Amino acid sequence: MIYTILIGFIGAFAAPFFHRVAKRRAGLLLSLLPLGLFAFFASYIPNLASNAVLESSLAWVPDLGVSLTFRLDGLSMLFALLITGIGALVVMYASGYMAGHEHEGRFYLLLLAFLSSMLGLVLADNLLTLFLFWELTSITSYLLIGFETQKAEARSAALQAFLVTGGGGLALLGGLILLGVAGGSYQISDLVNAGSSLAEHAFFIPALLLILLGAFTKSAQFPFHFWLPNAMAAPTPVSAYLHSATMVKAGVYLLARMYPVFHESAWWQMTVTGVGLVTMLAGALLALNSSDLKRILAYSTISALGTMTMLFGIGSKEAAKAGIVFLLAHALYKGALFMVAGAVDHETGTRDVDRLGGLRAKMPLLAAFAGLAALSLAGLGPLLSFIGKELLFEAALAIQGVWHILIPAAVFSSAVSVALALILVLRPFFGSLKPTPLAPHDPPVSLWLGPAVLGMLGLALGLFPKPASTYLAQPALRAVLNAPVEVKLYLWHGLNLALGLSVLAILLGVLLYFAWNSWRKLAGRIQIIQRWGPDAAYDGSIAVLNWAAGLQTRLLQNGYLRFYLLITILVVVALAGSLLLQGGLHWPAQVTEVFFYEAALSVLIVVAALAAVRSRSRLGAIAAMGVVGYGIALIFLQFGAPDLAMTQFLIESITVVLFVFAFYHLPRFDPLGPPGPRWAHALVAVMAGALMTGLVLSAVRVDLFPSISKYFLENSVSLAHGRNIVNVILVDFRGIDTLGEITVLAVAAAGVFAILKYRRKEQS
Amino acid sequence: MNSLILRAAVRFLMPLLLLFSVFLLLRGHNQSGGGFAGGLVAAAAFALLSLAYNAVEARRVLRLPPALLIASGLLIAVVSGLIGLLAGQPFLTGLWTYVSIPGIGKLEIGTPVLFDIGVYLLVFGITLTMVFSLEEGA
């Protein structure tokens, strides 16, 4: 299983090169990759139906309990099939939709990289591995939403989606770590069997809430739903794939995955059901206020995600079953509808339902498949989604107490789905032909094949529900409940209350469709949601963040080198100085005899330092500083450190050369500033000098650890084959330190290069 | 700068300095020297050239872009560490082998030498990046 993910990533990074070679056939050929993975997973279906799970593991950071453990059970299987199956269709779709785009190859790279990340997410059995892939999906989603990099709207939508899901990701990381600590294991398969000891742990509720925050942001639950409609700035294949069929379902997946651990907690039931309910209603209402095909679908997706969340929150077996079936049905029809919307947009140049009409005659095939998918959205006919909706009503009817409000809520959201289905089919495809930016013509096969396959699949699984229940729903539900269950799905549930609710929803939906225009006029007057909604809250908090960052930058990074030096020195003096004074200063007990040339050298350094301070020309100051440096190098030489001395000499020389070059850039040398600051600077300088003196004095006295010089001396030749201990330490004993240091140097060089280049550009 | 004396001197100093830098690099493991010092001397040679003529001329003589020196230096240092890893030992373990060259004698070759060559190239490249950027920015 590790290899399936690896193959996905390798395929992703090979895709741009492949596209360069294969040109127009690339998309079609690349879709064979997810198709192959789909076949691989499908071949394990019989194993899962007979209760076996597939596991593979690779130690990664064993000390931290992180391992690349993957586990294929019913729930993972359901998602893996959706990811690879719809992935294959979307890549094929993209080959038509993105044909001729200048970055088509890059698009395939990102799409396949996302596919592999998502596979890793649903197969991971280790909490931290799961988190890793979770974040990878956020990153690939960011890159895909902002794919049209020249559009400001796409960039800000990408950033918004990334900040919201990334923020939730941080909460999720905290929650997963707390859960791992509480349960004593990072393996999900261990945690689901942990039992009541886990539920009584003090970290249990915090972990629960943090994990929920992660799941809610990812699955666009209220009040974090606003990023999803904005993410429609992405190319349509991305919307169809990430933002309806797979990535946004990652949150729902996490809920289902964590279901055995949390579902008995009252916090879980209240929060998940409540948030799901609100999201379902909010999404339905907002969908009715839009006229852009993709935005309608986005809000409808939010509503459906809310329904799934709600179903996994209730905590009953029936509700979980409804959740699984609803999830599968939704992935099929919503993916299809997005592809239809994209095809319409691609062939006519607009996605506004008010500007479309009568396309049935121009694109009959697409219209037919759109109709099939819309039937599915409405939950009508012998389709899988009909079964899903019946199960939803049954689950809502089965609960007691205050949650009876779920029944009218479910009916309302279904009614809205019916109305939306009518809007999505009748408006663009029926009526009279309206003028569009592009003359409409029949879309190529790549653009209608996806909706066709998905629509037919929904129909087939509805007509023959037995394979769907035995091979998909039953193993998945078993994984969710962590208990053996039997699932039997029927198209015909008999004349019962649930069927009555379905009929009611359809009638209401038709009414809503006819009242749609007047509804929008009414809603248009109520601008309060736009002004005070979560989207505005996001904009506000981003503005505050930018303002604070600007303020802080202007304060600290004011561009005056002397200010930075002043702050750095003062902080060091304050921190180290206070520690030094605590320990007390002592003059060393015995001082070795001072030779004449040592004293002369010291005097030379002091005189040179004073000369540097008093110099009236820049060159003079630099030369004097050079004398100070050479003097120090001589001291090194004096005390038996020739390597250090040599390096010091070289550095001093190079520094002087660099200064000569830098002269051109520097402002006029101003040796005599106002006396006030000069005295303050002198004070700081003296303090720094005093600190260093104190440090040297106490360093001579303190001997906390036995010196390791002896070890180096003894082992330099035998272990490291070198007689120059300084060099042996640098390249062998402490090699990793050196590696770190030279890496920092390389980064610093890049910084110098960039700053100087930028300046030159600015000047010219 | 337009000094004939400096230009004439650079012609003789350049090869000497470069030879000296390689000398420092190679003797570093047993006597004073090493990749860092060697890299600085090599960079000083080109800095001198850049002073006597200009950065364009120095770049022409160098042929390689300094950024390439930095990157390859870092790469060589990392690879020298990876060799130990491939041999089943911790990252950056020093491995040594002997090569007998007729007439000269036994020569010790080890991954730390490779590491030092990486440091040499990196320091060389970084210093030149700064020198050239400053000179061209003028």
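Two residues are in contact if their C-beta atoms, placed from the backbone, lie within 7 Å. That cut-off applies in the views below, which come from a predicted model.

**View 1. Helix α29 of chain A and its cover.**
Helix α29(A) covers residues 618-638. Its buried residues are A:Met625, A:Gly631 and A:Ala633. What covers these buried residues includes two helices of chain A, α28 (596-614) and α30 (642-662). The length of α29(A) can be checked: at 1.5 Å a residue, its 21 residues should span 30 Å. The C-alpha atoms at its ends are 30 Å apart, so expectation and model agree. After α29(A) comes A:Gly640, which has a positive phi, near 80°.

**View 2. Helices α5 and α22 of chain A where they cross.**
Two packed helices are described by the angle between their axes and the distance between the axes. Here the pair is α5 (residues 74-97) and α22 (residues 465-481), both of chain A. Their axes come within 6 Å and cross at roughly 130°. At that angle, α5(A) is therefore oblique to α22(A). From α5(A), the residues in the contact are A:Gly74, A:Leu75, A:Met77 and A:Leu78. They meet A:Leu472, A:Pro475, A:Ala476, A:Arg478, A:Ala479 and A:Val480 of α22(A). By class, this contact has eight nonpolar residues, one polar and one charged.

**View 3. The side of chain B that touches chain A.**
Chain B puts 38 residues into the contact, and chain A puts in 38 residues. On the chain B side, α2 (35-52), α4 (66-86), β2 (105-110) and α5 (111-137) each supply at least two residues. Helix α5(B) gives the most, with 14 residues. By class, the chain B side has 22 nonpolar, 13 polar and three charged residues.

B:Thr129 lies in helix α5 of chain B. Is B:Thr129 buried or exposed? A residue counts as buried if 20 or more other C-beta atoms lie within 10 Å of its own. B:Thr129 has 23 other C-beta atoms within 10 Å, so B:Thr129 is buried. Leaving aside neighbours within four places in sequence, B:Thr129 is in contact with residues of both chains. From chain A come A:Ala749, A:Val752 and A:Phe753. From chain B come B:Pro66, B:Ala67 and B:Ile70. B:Ala43 is 86 residues from B:Thr129 along the chain, and their C-alpha atoms are separated by 9.6 Å.

Conventions:
Residues are numbered from 1 along each chain as its sequence is written. Chains are lettered from A and ligands numbered from 1 in the order in which they are written. This is a predicted model: local features need pLDDT of at least 70, side-chain atom pairs count only at pLDDT 80 or more; totals for chains, interfaces and linings use all residues. Helices (H or I, at least four residues) and strands (E, at least two) are DSSP runs, numbered from the N terminus. The expected span of a helix is 1.5 Å times one less than its number of residues. A residue is buried if 20 or more other C-beta atoms lie within 10 Å of its own, exposed if 12 or fewer, and partly exposed in between; C-beta atoms are placed from the backbone. Ala, Val, Leu, Ile, Met, Phe, Trp, Tyr, Cys and Pro count as nonpolar, Asp, Glu, Lys and Arg as charged, and the others, Gly among them, as polar. Axes are lines fitted to C-alpha atoms, for helices over the stretch in contact, and angles run from 0 to 180 degrees between N-to-C directions. Angles under 35 degrees count as roughly parallel, over 145 as roughly antiparallel, 65 to 115 as roughly perpendicular and the rest as oblique.
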